[in-house]
Amino acid sequence: MSTKNINHVEFLVKSSIVAAIYAALTMLLPFSYLGVQFRIAEILVLLVFIDKRYIYGLTLGCLIANLGSPLGPVDVIFGTLATLIALLLISKTKNLFVATLWPAVVNGIIIGLLLYYLLDLPFFLSAAQVFFGEFVVVTLIGYFLFKRILRDRKLVEIISFR
């Protein structure tokens, strides 16, 4: 097998594993949807800080996870779009702490709007609740976890695509 083929296989395997973990964690935990959501799987979005090619697997994982959303197809489209936007912003960010804030800001606004339009919930309260859940998971937990990961060169090498 050529090096090029090995790289493609590695990409497909790692992307599939990340998509499956994201989807499973989100769908199995009851506090992953609606207003105050704590999607533990969102910590995985910081993989994009290490290698932007994780955007594909994480977007797919989010799309699959949103199939279980009580908001239905609208969340599949707009919730996945919110995650994709946050992932693209993370991939352009050089500071880990700043990168952890994108999911809270983007999801807070987009999911807050969805809850406002679909469920007639107050926008600012809904946006603040989503922001809070993302902030707790990605910034308060994910930041320290990835700060530790980034100090381990061998682990970063394993996580990164070749």
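Which residue meets Lys-14 in a salt bridge through its side chain? In this predicted model, the partner is Glu-10, with a distance of 2.8 Å from N to O. Glu-10 and Lys-14 both belong to helix H1 and are four residues apart, about one turn of the helix. Glu-10 counts as buried because its relative accessibility is 10%. Lys-14, at 17% relative accessibility, likewise counts as buried, since the cut-off for this class is under 20%.

The count of salt bridges comes to two. Asp-51 counts as buried because its relative accessibility is 7%, whereas Arg-53, at 32%, counts as partly exposed. Side chains of opposite charge can pair when their charged atoms come close.

The nonpolar residues were examined next. The largest nonpolar core has 30 residues, and those with the most contacts inside this core are Tyr-22, Leu-47, Val-48, Tyr-54, Leu-58 and Phe-146. At least two residues of the core are supplied by each of helices H1 (3–28), H2 (47–50), H3 (54–66), H4 (73–91), H5 (96–119), H6 (123–151) and H7 (153–159). When residues up to four places away in sequence are not counted, Phe-146 touches Ile-43, Leu-46, Leu-47, Ile-50 and Leu-96. Another core, of nine residues, lies apart from the largest one; among its members are Ala-82, Ala-86, Leu-115 and Val-130. In soluble globular proteins, nonpolar side chains tend to be buried together.

Technical notes. Residues are numbered from 1 along each chain as its sequence is written. This is a predicted model: local features need pLDDT of at least 70, side-chain atom pairs count only at pLDDT 80 or more; totals for chains, interfaces and linings use all residues. Side-chain values use heavy atoms; hydrogens and water are left out. A nonpolar core is a set of buried Ala, Val, Leu, Ile, Met, Phe, Trp, Tyr and Cys residues joined through side-chain atoms within 4.5 Å. Buried means under 20% relative accessible area, exposed over 50%, partly exposed in between (1.4 Å probe, protein chains only). Contact means heavy atoms within 4.5 Å. A salt bridge is a side-chain nitrogen of Lys or Arg within 4 Å of a carboxyl oxygen of Asp or Glu.
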